[in-house]
Amino acid sequence: MHAESEIRDPLILGSKNYRQITDDIIAPIEGKAAKGWYVLLTICALTFLWGIGCLAYTIGVGIGAWGSNNAADWAWDITNFVWWIGIGHAGTLISAVLLLFRQKWRMAINRSAEAMTIFAVLCAAIFVTLHTGRPWLDYMLFPLPNQFGSLWPNFNSPLLWDVFAVSTYATVSIVFWYIGLIPDFAMIRDRVIKPWQKKFYGLLSFGWGGSARHWSRFEEVSLVLAGLSTPLVFSVHSIVSFDFATSVVPGWHTTIFPPYFVSGAVFSGFAMVLTLMLVVRKIYKLEAYLTIKHIEYMNIVIIVTGSIVGVAYLTELFIAWYSGVEWEQYAFLNRATGPLAWSYWAMMTCNVISPQLFWFKKIRTSIVATFLLSIVVNIGMWFERFVIIVPTLLRTFLPSTWNTYTPSFIDIGIFIGTIGMFGTFFLLFSRYFPVIAQAELKTILKQSGEAQKKESANHSHAHSHAH
Amino acid sequence: MNTDKLQFTVPPKAKMASFILMAIGLISIIAMFMMDTNEDPEYNHNRAWSNIFSSAFFFMGISLAAAFFLGLQYAAEAGWATTIKRVMEAVTMYLPWGLSFLMLFFIVSQLHLNHFYVWMDPTVAEHDPIVASKMGYFGAFWWIRTVLYMIAWIWFTFKLRKNSIDADKLDIDVNNSYHWKNVKLGAWFMVVFGVTSSTSAWDWLLSIDIHWFSTLYGWYAFSGMWISAMVTITMLIVWLKKLGYLDFVTESTVHDMGKWMFAISFLWTYLYFSQFMLIWYSDIPEEVIYFQTRWESYKALMWTVLFVNFAFPMVMLMSRDSKRNFFFLIFVGTIILVGHFLDVIMMVMPGTVGHHWTGLSWMEFGTFFFFLGLFIYVVLNALTKAPLRVKNHPYINESLHHSI
């Protein structure tokens, strides 16, 4: 039996019992959706449609419709790709790494974070398929037999490693998410009344019976998947960073990129989890399960990863000077003082300075401040990728090739569209799937429930007085 | 519970062993300085000095990373390792010794008794424009930083230890006041260490290869220290348990330490590989020179380091049983520890001894033994200074009942 220290804050507030947890978490699925949900869904779906329009236009006329040019041949496409992939990282970190670290607070957020991961990877996939210019030939990215065409993919290229890394990541994330959902689907199956609903959730739950043997297998599979996903947390964004760092482009080729990208990804991912969870918490009234302590923990992860990113920025700057390599020095001078300097300073402010506000307990336990700062971090991390890609490419070795860059409204449209798509999927998910892993949450009720904690504290005090 | 086993006394055999190691080491060091000569007049016992630095740095790194891990436990509200806190604290108590040896080494270098840091020689900058461009960062500024790191690290380490011991003196610490003090201290130490671990690695290690640069270097150097510290702490726990101490440390806690050994081995490999692969792939002359020297004159050692520090722990520590088997942990731990010592040798020697390298010899291990003996002596002595189990700690119950 695990012991839990009295000084740990409860993770489930009030005096909940198992039945109440079920009721609270199934409420959005059984009940009618709130008006706010419909409003948000309409906005998201319309944005999504607008994105589809821009996407169709791009496929029709080619990527000349974008603002990209001969110097900035990567621009919003890869910025958005890296941004979305990065956002996905928090899901894997929460489900895999925090599971290995036995962090009980992850249970309030892992389900939604995992869903977020999958939707974010889908958004990223749009950009990476589209940026090749002729997406109908994208199957050439996979290693196909030579009879199929005359070209093998270049196995030396990190762009190809990316194909493997991202597809493995997407697969494992979906499996992980789904395995966790099985006992919850079974719970819904046992509760719903309409026959089609019973059938639907029955199918989804794979005949889960809740026996000790099922649970034992469930836990074993979770641990194995966590073990598999932990390297993936590192590999995916490391390989994304290789896309830049294996080059000889000043500002791109730097060895700190892999761990710094991973840290940045977790940073932006947690910010997105916070943005979404604060909304979910409000709409579905989950205050008892997503407590201020949860928000505080997430904010601490943001300070830590944000500071790691900050140290990496400063390391890059320092080593650029220290190396004595003029090209390297110019690349950073150009970022900080060149024509797009505003984007560099936006990145610095949003990513390095603003998270430091969370050192104040008042700020990191304030819901409004957290919500605002989480959006600031998301903006900052978008600018980070933009700063790495665009200003660097606009001014490379040959000044005669220097150029300027402005995005087209199609660029903006597709980006906004993916946000709409992400929102649409997340809203649908939150309506039909349990947003909190209730089966897992119940396992910590006895140790971390507020009433249960109080009771055991009283018990142990009475015990010690008797001596 | 057997209360007399809470007070550690150094077994005479262990004390003897530490003295023998120091004696062997001292003789080796003297012999090394007499024998490490070269026809090159600039050579100036380079290998001997590099050995002194490598061993001094390696053991300092162990206690520094142990302090980092201890601070991390507080900052992260971790409860599982409360029963082994005293062991970690004892390892951190070598820090002033380790830093003193480094300080002595730096003073000797500044007096130009060796050619360890080429930038310490003012004539070098006169005809080397790259060195000249960096001189603003070295010289007096370098010394100020070095002194500041040492003061800051020792201050945090001693303060963490003092609070921990002071808490023991109270009958009951009602508000866990000492614990909360250490939580705050631990968090601040993370901030200070997060910056200084990188900058000190640039100052003390990266500057050996004065022309070369790599942004990842600081984190890579830190990961090597961290894994060495985890291995040292684990081996110490296992040894104490064999002697009959620490019966309150559950097998699960040892298992978790085994997991850390496994995990940080991967972290080190990840950082080593990232740095190597990106430099190899881009093949930019200014950068690739670093690995070229290693590839040409240190090939066997380079492969050994990678094998011993990556493949070996991966295979040996994969299974659950191996992480709970005391013999296995000691066996694997010893080999990894040597592997990471060799990694430090690989960070230092190619930049100082360069192509004069003739392969590993008694010189490396002799010097290593001196510092090992001293490290064992200091750490075991520190273990006797406080009960092996912390008394007033809010997480002690979690740790006593830790079971996975």
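Biologist: How much area do chain A and chain B bury between them?

Modeller: In this predicted model, the contact draws 42 residues from chain A and 46 residues from chain B. Carbon and sulfur atoms carry 67% of the buried area. The area that chain A and chain B bury between them is about 3,600 Å².

Biologist: Which residues of chain A lose the most area to chain B?

Modeller: Three residues stand out on the chain A side, and together they make up 20% of what that side buries. They are I7(A), T255(A) and Y322(A).

Biologist: Which residues have the most contacts inside the largest nonpolar core?

Modeller: The largest nonpolar core has 282 residues. Helix 2 of chain B gives the most to this core, with 18 residues. A second, separate core has five residues, among them A96(A) and F176(A). In the largest core, the residues with the most contacts are W84(A), F270(A), F53(B) and W204(B).

Biologist: Which tryptophan does F53(B) contact, leaving aside neighbours within four places in sequence?

Modeller: The contacts of F53(B) include L102(B), F105(B), F106(B), F116(B) and Y117(B). They also include L205(B), I208(B) and V348(B).

Biologist: At what angle do helix 2 and helix 15 of chain B pack?

Modeller: Helix 2 covers residues 46-75 and helix 15 covers residues 362-384, with their axes 9 Å apart. Residues of helix 2 including I52(B), F58(B) and F59(B) meet residues of helix 15 including F368(B), F371(B) and F375(B). By class, this contact has ten nonpolar, three polar and two charged residues. The crossing is right-handed, and the packing angle is about 35 degrees.

Biologist: Is H255(B) buried or exposed?

Modeller: H255(B) lies in helix 10 of chain B, residues 251-282. Beyond residues up to four places away in sequence, H255(B) touches R320(B), K323(B), R324(B) and I404(B). Its relative accessibility is 4%, and the limit for burial is under 20%. H255(B) therefore counts as buried.

Biologist: What distance separates the C-alpha atoms of L159(A) and V240(A)?

Modeller: L159(A) and V240(A) are 81 residues apart along the chain. Their C-alpha atoms are separated by 8.1 Å.

Notes. Residues are numbered from 1 along each chain as its sequence is written. Chains are lettered from A and ligands numbered from 1 in the order in which they are written. This is a predicted model: local features need pLDDT of at least 70, side-chain atom pairs count only at pLDDT 80 or more; totals for chains, interfaces and linings use all residues. Side-chain values use heavy atoms; hydrogens and water are left out. Helices (H or I, at least four residues) and strands (E, at least two) are DSSP runs, numbered from the N terminus. Buried means under 20% relative accessible area, exposed over 50%, partly exposed in between (1.4 Å probe, protein chains only). Contact means heavy atoms within 4.5 Å. Axes are lines fitted to C-alpha atoms, for helices over the stretch in contact, and angles run from 0 to 180 degrees between N-to-C directions. A crossing is left-handed if the near helix is turned anticlockwise from the far one by less than a right angle, and right-handed if clockwise. Ala, Val, Leu, Ile, Met, Phe, Trp, Tyr, Cys and Pro count as nonpolar, Asp, Glu, Lys and Arg as charged, and the others, Gly among them, as polar. A nonpolar core is a set of buried Ala, Val, Leu, Ile, Met, Phe, Trp, Tyr and Cys residues joined through side-chain atoms within 4.5 Å. Buried area is the accessible area (1.4 Å probe) that two parts lose on being put together, summed over both.
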